[in-house]
Each structure stands twice: as C-alpha cells, then as structure tokens.
Amino acid sequence: MDWVSASRGWGLTYPASRAALSTGAPRRGAESRFPPPERGGGSQRPSCCHRLCRGRARLVRPLAGAPPGRAAAMSAEAADREAATSSRPCTPPQTSWFEFLLEEALLEQHLQKPSPDPPPVQLIVQFLEQASKPSVNEQNQVQPPPDNKRNRILKLLALKVAAHLKWDLDVLEKSLSVPVLNMLLNELLCISKVPPGTKHVDVDLSSLPPTTAMAILLYNRWAIRTIVQSSFPVKQVKPGPPQLNVMNQMQQEKELTENILKVLKEQAADSILVLEGALKLNKDLYVHTIRTLDLLAMEPGMVNGETESSTAGLKITAEEIECQVCYDLGAIYFQQGSTNAAVHENAKEKFFRTKELIAKNGSSSLHFTIDEERLAGYCQACGVLTSSSDDASQQATPYSQIHSCMKSGNYQDLVKIFLEDNLTLSLPVQFRQSVLRELFQKAQQGNDALDEVCFKVCVCNTVCDVLQGEIIDIQFCLLFLKPSKEKIDFLLEVCSRSINLENASEALKRRMAAFLKNLCLGLEDLQLVFMISSHELFIKLLKDDERKLLIDQMRKRSPRINLCTKPVTSFYDIPASASVNIGQLEHQLILSVDPWRIRQILIELHGMTSERQFWTVSNKWEVPNVYGNVILGIKDNLTRDLVYILMAKGLHCCAIKDFVHAKQLFAACLELVTEFSPKLRQVMLNEMLLLDIYTHEAGPGASGERPPSDLISRVRGYLEMRVPDIPLRQVIAEECVAFLLNWRENEYLTMQVPLPLVQTNPYVKLGQLLAATCKELPGPKESRRTAKDLWEVVVQICSVSNQHKRGNDGRVSLIKHRESTLGIMYRSELLSFIKKLREPLVLTTILSLFVKLHNVREDIVNDIAAEHISIWPSSIPNLQSVDFEAVAVTVKELVSYALTINPNNHFWLIIQADIYFGK
C-alpha cells in the first residue's frame, strides 16, 4: 500500500482549529486501550527527496507533439535551471501529522532533532484535534469522535510527546490551551488505569502503582495551578480584522475554557486534599516515558513481565514531589487568603518549605522548575501578612515595616523608610507606586492629614526615579504646581540624603544636577529659586560655568529673575527696575478687590511680559475644578488671568462673608464673559444666585423677613434649568433646596417641581419628601404614606453595604462598607444638608425620624422621646443592614445643631435629656 492510498484509507484531513476540541468538562477514571501502531506502515512510501526528483523529471520531459529541436532546447534550459538551483540550500518540508501514524519510529526521530518542525507542543495540538474530530453519518448527523484504532493511536502519540517533555507543566501550560491540556491529562488518567467513576480524593495513593499515583498527582496539580492562573488579570489581545469563522472559534474555545474552570473550581477542595495526601506519601514515584507508554499499548502477552507498576518510568524523588506540591498548594492557599486571612498561614508554611527544599537540593536538580523570583515574592508577601513578634527576620524587611506603618498609621516612619531606601534602592518601583496610590486613595476619602504624607512619599519616589534614569511621574508635577518653602526644603533634604557624593558615579551626579537645574527653570518664585541655587548640593554638583549658563537661561525666560552666580544675601539685580515693578504690581494684584484696578494691573503686567501666567501668583486663589477646566481653556492670556482672578477673589469674599465686594467682582466677571462665552455667563449667573441666597440669609432672613418673590423665582428657575454642558456645583442645588424648605415653599416642592428633577437630583428628592411630610403634619390626620417614603430613603442612607462572598473553600465571608452607596447620598452629605435648615417643623420632623430609627435598635435600654414619632414605621426588615452607631452619632449632632437655632425648644430639650439619661 503506497502512502497516498494509506492516507485515503485512514480518511485523514488537515488539522482544524484548536477550538474544535470537544473535550467537555474534566473527566476522571475513564479507560481506553491503545493498540500498537501497524509496523511498516510507512516503509513503502517514497521519501520526500524521491518525490521531488520525480517532479523534476517531469520538468524536462518533452511535450507531446512538440518539435524535436524545441523539445531539446527546452530540455537543455530546464537542465540548466536545475543545475543552477541544485546547489542552493532549501528549507526542508514540514512533517505532517499523519506521517507519524504511518511510520512508528518517525516520532522519536523527529523529537530528537535540535529544532523540530513542527515543535512538540504543536504536535500535541494536532494529534488531539484529529482524535477529537466529530464524524458525520449517512443522514448528515454529527456524531461524537469514534473510538477507533486511528484515534487511539493519535492520543497515544500526544501522550508520547508530553512524555518527551517530561510532563513539565510550565512548558505545557505556556503553549497549550486549557481544553487541550485538560484532554491530554484525562487521557493520561485513562492509560494509567485510574479506576473509572471514582473521585481522586477517595483513592489511597499509597496503594496505587507509582505511575498511576503520579498521573493523579499531575492532574490535580494542574487543576490547582489553572485555578490560580485564572485569577490573575490577563491583558486583552488587540483583535485584528473581524473574521466570522475565527471569532466563532475563539468564542467556542472561551466558553469551553469557562466550563472547564467552573468544574475545576467546584472540585478545588478535593484537589487540595489529594495534594495534601501526597505530601504524606514520602516515597519516590514514576512518571510515564515513551517506553512505558509503548509497553502499555502492547498486547498483554507481549509485555515480557514489565507492567505499569514497574520502575521503568522516569523517577521523581519524594523531595522533588514535596517541593513542587508545596509550591502549588502555597499558591492556592495564598489566593484563598483574600477571603480568609487565616489561610495565609498555610500558604506561608508551604512556601517556606519549598524554599528550604530548593536550598537543600538546588533548583537545577528538579524535573519541574520553580520560578524562584515568584517564590521569593510569595514568601515576602506571606511574611508581611502573617508577621508575628517571634519572626524577627521578617520584621526587619522594608516590606514588613511599610505594611506595619500603613496599618498603624505611623506615616512619619513610613517616609523615613522610603527616604533610607533611596540610597539602597531595594524596593521595586512598582511597590513604591502602589503604596503611593493607596495613600492617595485614603486622602481622597477625606483624610486631609495625608496630603503632606502623599507629597513626601511622592518626592522620595521622584528622586528615586531620577537616580535610576526614569521619567518623572506626572503626579509630582501636579503636586508641585504650587510650591512652597516647606516643599522645597523637604525636596532638597531628600536629594541630599539620596546620593553619596563621595561614592556616587558620574552618571548619578549628572542626573541629579539635571533634575535640580530643570527644577529651577520651572519655578517662578525668586526666593524658591534662590533656595535651590544656594544649597550645598547644588553648588557641588554644578560647576561655575554651568551655574552661569543657568542664570543666563533664567534671565532670558523672565525679566523678574536675576540671580548672582554665587549665593549672597542680596539676590535682586538692582539696575533691573522691571523685576521690581513686576513684584510691586503682583503685590497690589493680591491685595486689591476692586475689579477695575485688577484689570488695570493685569494689563500693565502683560505689557511687561507675555510669558507669565499671573493667575498662579497667589496660592489662595482657588476655583472649583468644574470651573477651572473651562476658564483655563480661554486662549487669550490676559482674559484668562482676569476671569480666573475675578472669580477666585469673588469666591474668597463669599467664604469670608464679604458679600459687597463679592457682588462687585462677580458682576464685573459676568460682564466680561458675556461677550464671548455663554457657558461661563451661565456659571456666573449661578454663582450670583448663590451669593444672593447667602446675602439674604445673613441679612433680612436672619430676622425673619421673607425673601423677595424675584429671588424665589430665580431659585426655582435654577432647579428647573436644563442647559446642556454647563458645569454645576452641587452646593448650589443643595442651598436652593434648603432655601425653599426654610421659607416653607412646600407647595412647590410637593406639587410643582418637575418629575425628572426629582429623579436626577438627590437633594430635590429629599426636599420633596420632607416638604410633603411637613405639609400634612399640622392636619387632623398624620400622613403615613409620605412619612414611609422619607423613612425608607433615610434608612437606606444610614445602611451598611453588606456583601456576602463565597470563597474557593466554600465558606461565606461578609464584607462591610461603612458608607453605603445604595442611598441617594452619603450620610455625611445628608448631615451637611440638614445643618443648612432653620425651619423648626422641618428640623422637628427629621429629628423625629432619626430618634425613631435609633429606638428600633434591639439592644437599646431606654427609648428617646420625640414629637410626631408615631408616623414612622415601627420595624425594619433587615436590622443588621443599619449602622446604628452612625445613627446614634447623627442624633446627637442634629439635636445639638437644632438647639443652636432655638435653645428653648421644649421637644428638642427633651431629646437631648433622654440621650444623656440613656448614657
């Protein structure tokens, strides 16, 4: 039988995509028999060289009917071409997968090549793809892959290739997808005679043949490793041009992988028990080789006494098994530690045992390699997470010290550790950045004391980046937008302590010098520049000519800056009157609150220099970010400076209750922006409305005089405004709703306010519910429906966000968040809003609600009495969801605030008395 007819007889086709593997969920214990391949199947087929020669012979054969001379000429030309190309080296053709079916010895010969083509892992994919191809019957119905001779041999070939790779999971996992590797290991279980239908956890490994026990061990190690690997984030591959077939195949493979992972995770507890049991074996095991697989494939009478229980396989010592199993168990325990901190102790024990075994035997002696860098990282993390007083070696590491400082809030020592590490550079850059990100997150949650710590850690990281030749992070630039003397002092201290000039290389000195020079060029304040240029480190790092060149560059950049080349006490260049004039004008600009004088000063300053941004002159000029982005987008420098400074000064005057000057500044700014920006015009109208509310509440409103109807109409108009792309401050909506409640505009809030506004603005919704409840309180019947709606909103705001999460070990853990995101606003925002209210009935209603909520608590000893307390529901479906500690604190704060409004209110005094009596 020649090779063509053989291939047709087998019904072979070229490999399909990897996604065609219909492996399904992992199976355990299924049996399969592998008959020996037919010997001599490929002995009669022509070699590749023979086929090429036959093809070349056809090239020089004369064409039928061609003249003899022409045929001879063509033959001569072909022969010349053949002679010319015969000396060129040609790429040998890639061996096709079906050739290994036809020639038994070809696989081992192929695998012994230095660079086999196709490589071993690709052969595994091809063999298993062909073995798992579904068939089609006569009725065109798709049938499962048949269990025939061809498919069994293909599976055996795949196992042989894996045996050639010594079953190294690191190699197999990097090159094979989860479905392919799942199918391969399931076939290993089958050929290793694992009892069908039994769970691995129920099997006694010590009673099994060595290769069978090793197959079970290998499968469960892979299961654990796959679960751990699936928990890591994976960078998404950028898709190419959309192709329907490729997308369908990728989707099928993705779904198949997810199904397998689901089953593996369900069986994770069993796999862990299997591996824990393997640690108690304390004996050598054997893994299948090509020879043992051939023995298993033979007929029982041809084995010559050798069976799968013999020691003919590759020997894996007990310590090698323990080392690899400990590493894999440590990884799964470490992953489970995110939901169960106690498991970190188990992970630590396993990782440190792995480390001991590697130190004893060396990683090179292991058949299964271990990533020692990752192991060191695991050991370091476990040492931090489970550090104890008797573990002095771990406490001494910077990681443990930093973790302890973050946990205890000892930020002074944290900065000290970062500063000391700038000399040794032992902390990775990524770790430094992660600590800084965590500090920023805590600062953004309202801990203002951390702003200085964030700056200091950021400076340490920046100097570390400079010394390593890295790009300066944008965060440092943002923090240094408004430098101060204290910031420059700390920066210079970090620079001085981060470099040892006696031992530092020239490269380090050049980097530090360049950093200080660029810092000087980026500063506008003359005194700050002088602080740097007169520092000892600056003088040592820069030569005289370099300092002179730097001063020349600064003179060209701005006429204001004139430094001597040597540090002296007087650093102004006296003949340069322009810099003195600029300084004087800037001083006047800071002090002036007259909008027309401010405009005149800015015109003069821009006439002297066009390169400066004068809105940065004072660090007291602050504009909300929602406005700043729009203002700083103005192209004209003078207009931008003028708008920014007018608004900043107006907001500052508002904050200090200087409403007269604030109105003048806002009016001038409104007149200016009306000419070119409708967006900024509406912004100024909104700010002037807020100013008028403040003005009335601090003046006539304090004595009980109602606001003019025009002001009430403007407040309503603001709440109903639907102009797109207008930057809005939440405080304006908050003040408008409080204004309407204080002046008893309950009819508007209850009946006339637009429904979309209630749905989108939480303060309007809260105001509507308060107004509706208060509106019906004086009547003969107290309304329980509106009170119930208000009750539910406040309960949701005061609830703790509980989340139940089931871990890999099956246990349920409870995650609590103090500030619930389920309510329409945070509790702190609600408390801030209530403290803007002055109307007695509104305050009584909200106080009554919180008192009732406080009394619902089960473990309370004494109830607190309050007016209208009967209108609220008497129970809560889920008491555990309410943060009653926060409710108690809120009641105390509210009654204290209410008594500042009216110290003689009888009911409020009773509430305060009950609170202190209950204590």
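Leu481 is exposed in this predicted model, its relative accessible area being 61%, and the residue sits in the loop that runs between helix H22 (474–479) and helix H23 (485–497). Together with Ile474 and Leu478, Leu481 makes a nonpolar surface patch of about 330 Å².

Ile191, by contrast in setting, belongs to helix H9 (residues 178–191) and counts as buried because its relative accessible area, 2%, falls under 20%. Although 106 residues separate Ile191 from Ala297 in sequence, the C-alpha atoms of Ile191 and Ala297 are 8.7 Å apart in space.

Ser618 is found in the loop between helix H29 (595–608) and helix H30 (625–631), and with a relative accessibility of 9% this serine is likewise classed as buried. A polar atom of the Ser618 side chain lies 3.1 Å from the backbone nitrogen of Lys620, a separation that qualifies by distance as a polar contact because the limit for such a pair of N or O atoms is 3.5 Å.

Cys190 is buried at 1% relative accessibility, and Cys798 is buried at 2%, while a search of the whole structure finds zero disulfides.

The accessibility values are collected here.

| Residue | Relative accessible area | Class |
|---|---|---|
| Leu481 | 61% | exposed |
| Ile191 | 2% | buried |
| Ser618 | 9% | buried |
| Cys190 | 1% | buried |
| Cys798 | 2% | buried |

How values were computed
Residues are numbered from 1 along each chain as its sequence is written. This is a predicted model: local features need pLDDT of at least 70, side-chain atom pairs count only at pLDDT 80 or more; totals for chains, interfaces and linings use all residues. Side-chain values use heavy atoms; hydrogens and water are left out. Patches are made of residues with over 30% relative accessible area and no salt bridge: like charges are joined within 9 Å, nonpolar side chains (Val, Leu, Ile, Met, Phe, Trp, Tyr) within 5 Å. Accessible areas come from the Shrake-Rupley method with a 1.4 Å probe; for residues, only the protein chains shown count as cover. A salt bridge is a side-chain nitrogen of Lys or Arg within 4 Å of a carboxyl oxygen of Asp or Glu. Helices (H or I, at least four residues) and strands (E, at least two) are DSSP runs, numbered from the N terminus. Buried means under 20% relative accessible area, exposed over 50%, partly exposed in between (1.4 Å probe, protein chains only). A polar contact is a pair of N or O atoms within 3.5 Å; within protein, one must be able to donate a hydrogen and the other to accept it, and residues adjacent in sequence count only if both atoms are side-chain atoms. A disulfide is a pair of cysteine sulfur atoms within 2.5 Å.
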